[in-house]
Structures are given as C-alpha cells and as structure tokens.
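Open your viewer and get ready to click along.

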Amino acid sequence: MIKQLLQYSFILFAFTLPLSRGAFNFFFALSLLFWLLEGNFKYKIVAIKERKILWIFLLIALLTMLSALFSNSYHNGFLAHGEKSILRVITTHYFLVPLIIVIMVTSIKRETLQLAISAFLLAIFISEISSYLVFFHLIDVDYFKSIHIIYKYSTVDNPSPFMQHIEYSVYLSIAILFMLQQLIVNKNIWIRAFILIFFISATVNLFINGGRTGQLIYILSMLTFALVYFRFSLKMMIAAVVSIATIIFIAYNFSSTFHNRAHEALMNIEQMQRGDFNTSWGSRAASNIVTLDYLTSSPKRFLFGAGAGDAREIYLKYAKEHFSPNYHEAIKYLAHTHNQYLEYWMDGTLFSLLLFLAYFVLLLKLQVPKEYKPLLYAFAVAVAVAASTDVPLFRYQPAMLVMFITGYFIALSCPKEDTL
C-alpha cells in the first residue's frame with residue numbers, strides 16, 4: 001500500500017512542479033514521508049553508495065554549510081542576508097532538494113517515471129495555455145493575481161503564468177527537449193501529430209516570453225540534440241542550424257517581446273563597451289569580473305572563497321576598493337553573482353565548484369538507453385548554459401527541475417532489476 005501511495009504522490013509531484021510551488025512542496029514532502037515509511041533501507045543505502053552522482057549535491061550542501069559555520073556572520077552572504085536564517089536556506093535549498101533524486105533512484109518504478117514525465121509535460125501544456133490566455137487578454141489577469149493563481153509579476157508583455165519569467169523559460173526549454181524526444185520515439189501517428197503541435201506552440205510561447213536564458217538554452221540544446229542524434233552528420237547539422245536560424249528570424253520579426261529583448265541586449269553590449277555596466281547584461285558581466293578578480297587575488301580566496309555567511313558583503317567591499325565606481329554601482333543591488341559556478345565557489349570553496357563540474361562528467365557517463373543519449377547531452381548543455389547566466393540550483397523551482405530530470409536519467413541508467 002505504501003509503495004503504491006509513493007508512486008501516486010511522485011506523479012502528482014511531477015504534475016504540480018510547473019504549476020504551484022505550494023502544491024509540489026506538499027507532494028514532495030508526502031513522497032519523502034512514504035519513502036521513509038516504505039523502509040528497505042539496506043537496499044537503499046547500497047543503491048545510493050553505488051551511484052556517485054547522488055553524492056555531488058549533498059557534498060556541495062555540506063561544504064556550503066561548513067563555510068557558513070566558519071564565516072564571521074550569518075547575515076551578510078548571498079544565500080541569506082538581513083533577517084533570513086542562512087542555515088535554514090542551506091537546509092531547504094541545498095540539502096532537501098537533492099533528496100528527490102534519492103527517492104527516484106531507490107523507490108520509483110520505471111513505469112511510474114514515464115508517467116511522471118507525461119504528467120510534467122501535461123502540466124507544461126496547462127501552463128502554456130494559461131500563458132496564452134494572459135498574452136491575448138482572454139482573462140482578467142489582475143483578478144487571478146488577487147486570488148494567487150497567476151504569478152504576481154505576470155503581464156501581457158511577459159506572460160509567465162506560474163513563476164518568474166527566467167524560471168519559466170528554463171522549464172519550457174527543457175520540456176521542449178522532451179517533446180522532441182517523444183516525436184522521435186513515439187510511433188503513434190496521432191500522438192506524434194499532437195506532440196508536434198505542442199512542440200511548435202511551446203516554441204512560440206518561449207519566444208513571446210522575456211526569458212532570454214531559456215531562449216539561449218533552446219538554441220544551444222537543440223543544436224546539441226541534433227549533433228548527437230545525427231551522429232555529427234554535416235548535412236543534417238546544416239539542416240538543423242538553418243531550422244533554428246529560421247525560428248529565430250521568425251521570432252525576431254513577429255514577437256515584439258523577443259525583438260525588444262534582442263535590441264536591449266545589443267544596447268547593453270554597446271553600453272558595456274563605453275564602461276556603463278548598469279544594465280541587465282552589464283551587471284552580470286561586472287559581477288563575473290569582480291567575483292573572478294576576488295577569487296584569484298590570493299591563494300586563500302582561491303581555495304576557500306569568501307565564506308557563505310560573508311560573501312555578499314565581501315564582494316561589494318572588494319568592488320568598491322578595487323574597481324571604478326561604475327562596477328560597484330552595477331552590482332550593489334544584485335542578490336547573487338548571476339553565475340552558478342562562481343556562486344558555488346564563493347559560498348562553498350573551490351571544491352564545491354569542482355564537484356559541480358564533476359556532476360556534468362558523471363551525468364554524461366550515465367549508461368542510458370541509446371535513444372535517450374541525444375536528450376541526455378542536450379539536458380547537460382541546458383543546465384550548463386543556465387548555470388552560466390543565473391543561479392538555477394539556488395532558485396528553488398529550477399533546482400527542483402534539475403534534480404527531477406537528473407534523477408530521471410540516473411534511474412534510466414539503472415538495470416531494470418535495480419528499481420523497485
């Protein structure tokens with residue numbers, strides 16, 4: 001009975017993941033409870049020990065916690081400043097979230113995994129419909145915001161219905177990869193026709209939203225998928241590049257949001273060339289420059305970072321003392337470094353960064369079925385790109401998505417008799 005309830009709660013977790021933070025938190029907690037009640041810990045411990053990739057994020061969490069404990073303060077870091085408890089943030093964002101991988105690998109059946117992916121894509125479809133309802137003025141957005149159904153910052157110009165637009169663009173771009181996979185492996189012509197329509201509409205939805213991170217992920221991960229799927233065939237790669245270039249051309253000419261964001265990016269670059277970093281891209285560039293300069297300024301900083309409890313204060317002070325005022329002005333309101341690699345390094349020592357890089361190596365070494373290789377490589381590129389422009393593994397919803405999909409691939413790589 002408990003085993004079955006765990007399978008159901010996990011499917012509901014996957015379904016609510018793109019729709020409601022409160023709901024997926026509830027089903028995550030429920031899944032964890034059923035996992036504990038299920039028992040069989042002897043098998044589970046062996047399964048965890050055998051899969052090194054499971055340890056990556058838990059070790060990063062441990063290093064970050066130790067860094068916080070040895071900091072001078074608990075309130076001057078990126079992870080928690082002001083009145084927030086850094087220990088609570090590390091526990092919820094870094095320790096608990098990776099447990100979804102443990103649950104998936106040790107207790108979720110193969111058929112449940114496939115149902116969970118289907119549930120996730122169905123939720124993306126619902127989210128997409130909601131986005132179009134906002135975009136085309138078909139619902140009273142203010143009313144739905146007032147009853148906490150639509151995301152509070154959702155607008156006609158940025159119709160992300162249930163989460164922040166950067167996070168939504170990441171969800172969409174990764175879901176599109178799974179749609180592409182289903183187009184290839186599914187043999188039913190009617191299902192393939194529906195998936196194709198879903199794929200096209202999701203792509204359009206991605207480019208009418210303001211999330212440039214997801215758009216960049218889409219371009220690079222789709223190219224990766226094509227490269228691996230067509231086994232480096234030059235002819236097919238040219239076809240893939242032309243197809244993606246055509247999509248970008250259409251988006252640029254027909255999506256005012258994408259058009260404006262593209263022009264904004266060009267203006268940001270021009271302003272950076274003039275020494276003005278007080279823009280969206282400029283602040284990210286300034287943050288990377290300051291952070292790297294700090295980390296390479298001494299052997300101690302190179303190895304131990306800035307300390308999770310002090311990092312933000314040290315980072316701002318260093319910018320003020322070692323850079324011209326335009327750098328400090330650009331970064332003084334940033335809540336994080338806008339780079340997951342540098343964030344791990346600043347908060348959790350050089351070894352956290354090395355562990356994160358090891359994650360990609362171990363992910364790509366997973367022995368998934370041959371037909372899933374293109375999807376695996378494309379997902380790895382998606383995470384790598386997201387981590388270079390933002391901090392997806394600190395943001396709660398993207399972190400949960402990354403862990404969910406990572407767990408899916410680890411489970412796919414397990415022999416069938418190893419899954420319960």
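Start by selecting α9 (165-185), α11 (212-229), α13 (256-273), α14 (280-295) and α20 (373-389): each supplies at least two residues to the lining of the second largest pocket. Helices here are DSSP runs (H or I, at least four residues), numbered from the N terminus. This is a predicted model, in which local features need pLDDT of at least 70 and side-chain atom pairs count only at pLDDT 80 or more, while totals for chains, interfaces and linings use all residues. Residues are numbered from 1 along each chain as its sequence is written, and side-chain values use heavy atoms, with hydrogens and water left out.

The second largest pocket holds about 500 Å³ of space. Of its 23 lining residues, show R212, T213, L216, W281 and T389, the closest to its centre. A pocket is an open set of points on a 1 Å grid over the protein atoms alone, with protein on both sides within 12 Å along at least five of seven lines; a cavity is a set where a 1.4 Å probe fits but cannot get out, and lining residues have an atom within 4 Å of a point. Volume is the space filled by probe spheres set on the points, which are joined across faces, edges and corners. Colour this lining by class and you get 10 nonpolar, 10 polar and 3 charged residues. Ala, Val, Leu, Ile, Met, Phe, Trp, Tyr, Cys and Pro count as nonpolar, Asp, Glu, Lys and Arg as charged, and the others, Gly among them, as polar.

Next stop: the largest pocket, with about 800 Å³ of space. Select R21, H93, E167, Y396 and Q397, the closest to its centre among 30 lining residues. Two or more lining residues come from each of α2, α5 (86-96) and α21 (396-413), and α5 gives the most, with 4. The classes here are 13 nonpolar, 10 polar and 7 charged.

Select F57, I60, A61, H93, Y94, P98, Y344, L393 and M403 to see its lining. The largest share, 3 residues, comes from α4. The lining divides into 8 nonpolar, 1 polar and no charged residues.

Time for helix pairs. Show α9 with α10 (residues 189-208): their axes come within 9 Å and cross at roughly 155°. That makes α9 roughly antiparallel to α10 (over 145 degrees). Axes are lines fitted to C-alpha atoms, for helices over the stretch in contact, and angles run from 0 to 180 degrees between N-to-C directions. Which residues of α9 and α10 meet? Y168, S169, L172, I176, M179, L180, Q182 and L183 in α9 meet R192, I195, L196, F198, F199, A202, T203, N205 and L206 in α10, where contact means heavy atoms within 4.5 Å.

Finish with α18 (residues 340-348) and α19 (residues 350-364), which pack at about 140° with axes 6 Å apart. Q340, Y341, Y344, W345 and G348 in α18 meet L350, S352, L353, F356, L357 and F360 in α19. This contact has 8 nonpolar, 3 polar and no charged residues. Leave Y344 selected, as this residue also lines the largest cavity.

Conventions: Angles under 35 degrees count as roughly parallel, over 145 as roughly antiparallel, 65 to 115 as roughly perpendicular and the rest as oblique.
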